[in-house]
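Here are some notes to read alongside the model, for anyone opening it for the first time.

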Amino acid sequence: MSVNERIPDYDLDDLLVVTAPEQLRALADPLRSTLLELLLERAATVNEMARAVDRPKSSVAYHVNQLVDAGLLRVVRTRRVRAIEERFYGRVARTYYVGALSRAEDKQVVSRINGLAEAAAEAAAAHAADELRCTLVHARIPIEDVREFWAEVQALARRFAQIPRAGDQVYGFAAGLYPTDAPTLPDTEPATDPRD
């Protein structure tokens, strides 16, 4: 699996910690999330994004402007087409990470962002067609190991996003790490001598 080509085709930061209310609201909108995802592939014009999501150009332009105003998108290059300057938009960062939130209303906005729920809905057709590849594993591990493992998962997700685009099918990659109340075995008891 080669990642020699530069994906996306513009420079961007690796990480942006998001805490501002306008950024959180922008990320919580499903169409805006889709637009941000598209721009992981390459920079695009409003017209190209509108065609990709099958929405009116005016509607997509509104959402692009919201993302620009929130500091999540920016113009990465322009070109002249006849008498009009065409703008190509790109993400500010490859990964948007929701940082510590202090306002209750911001926490409510973030609680509506659930990538696993979205992935489950997207995966329903693949499950019905027996084309779903997934795994679910539970482990009782310390929080330090959780943080280390999640950093590895994020690196894998970035690698997935940088695979050169080809083929006719778009694939989703979802990962989640969350506390559960899954059962665990009790700690082992010390061995006792059967003669006791």
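A nonpolar core, as the term is used below, is a set of buried Ala, Val, Leu, Ile, Met, Phe, Trp, Tyr and Cys residues joined through side-chain atoms within 4.5 Å. Keep in mind that this is a predicted model.

1. **The main core.** The largest nonpolar core has 27 residues. Leu 35, Met 49, Val 60, Val 64, Leu 72 and Tyr 96 are the ones with the most contacts inside it. Two or more residues each come from helix H1 (21–28), H2, helix H3 (46–53), H4, strand E3 (84–91) and E4. Which of these gives the most? That would be H3, with four residues.

2. **The overall layout.** Stepping back, the protein has seven helices and four strands. Read from the N terminus, the order is β-α-α-α-α-β-β-β-α-α-α. Of the contacts with a separation of 6 or more, 69% are between residues 24 or more positions apart.

3. The protein has 196 residues, and 24% of them count as buried. Its accessible surface comes to about 14300 Å², with 51% of that belonging to carbon and sulfur atoms.

4. **H2 against H4.** Have a look at helix H2 (residues 30–38) and helix H4 (residues 57–69): their axes come within 10 Å and cross at roughly 80°. The two are therefore roughly perpendicular to each other. On the H2 side, the contact is made by Leu 31, Arg 32, Leu 35 and Leu 36. H4 brings Ser 59, Val 60, Tyr 62, His 63, Val 64, Gln 66 and Leu 67. Sorted by class, the contact of H2 with H4 has seven nonpolar, three polar and one charged residues. Leu 35 of H2, along with Val 60 and Val 64 of H4, takes part in this contact, and these residues are also among those with the most contacts inside the largest core.

5. **H1 against H2.** From H1, the residues in contact are Arg 25, Ala 26, Leu 27 and Ala 28, and from H2 they are Pro 30, Arg 32, Ser 33 and Leu 36. The classes here are five nonpolar, one polar and two charged residues.

6. **Strand E4.** Thr 95 sits in strand E4 (residues 93–98). Is Thr 95 buried or exposed? It counts as buried, because its relative accessibility is 16% and the cut-off for buried is under 20%. Not counting residues up to four places away in sequence, Thr 95 touches Asp 14, Leu 15, Leu 16 and Arg 158. Tyr 96, leaving aside its neighbours within four places, is in contact with Leu 16, Val 18, Leu 27, Leu 36, Leu 72 and Arg 91.

7. **A glycine in E3.** Gly 90 lies in strand E3 and counts as buried, at 0% relative accessibility. Beyond its neighbours within four places in sequence, Gly 90 is in contact with Tyr 10, Leu 39, Leu 72, Leu 73, Arg 74 and Val 76. Gly 90 and Arg 42 are 48 residues apart in sequence, while their C-alpha atoms are 7.3 Å apart in space.

8. Ile 7 is found in the segment before strand E1 (13–18), and at 6% relative accessibility it counts as buried. Setting aside neighbours within four places in sequence, its contacts are Leu 40, Glu 41, Arg 94, Ala 161, Gln 162, Ile 163, Pro 164 and Arg 165. Ile 7 and Ala 43 are 36 residues apart in sequence and 9.8 Å apart in space, C-alpha to C-alpha.

9. **Two loop residues with positive phi.** Arg 82 has phi near 55°, a positive value in a residue other than glycine. Arg 82 lies in the loop between strand E2 (73–81) and E3 and is exposed, with a relative accessible area of 82%. Asp 130 also has a positive phi, near 60°. Asp 130 lies in the loop between helix H6 (115–128) and helix H7 (143–161), and is exposed at 69%.

Conventions. Residues numbered from 1 in each chain as written. Predicted model: local features only at pLDDT ≥ 70, side-chain atom pairs only at ≥ 80, totals over all residues. Heavy atoms only, no water. Axes fitted to C-alpha atoms, helices over the stretch in contact; angles between N-to-C directions. Parallel < 35°, antiparallel > 145°, perpendicular 65-115°, else oblique. Contact = heavy atoms within 4.5 Å. Nonpolar A, V, L, I, M, F, W, Y, C, P; charged D, E, K, R; others polar. Buried < 20%, exposed > 50% of the residue type's maximum accessible area, 1.4 Å probe, protein only. Areas by Shrake-Rupley, 256 points an atom, 1.4 Å probe, with all protein chains shown as cover.
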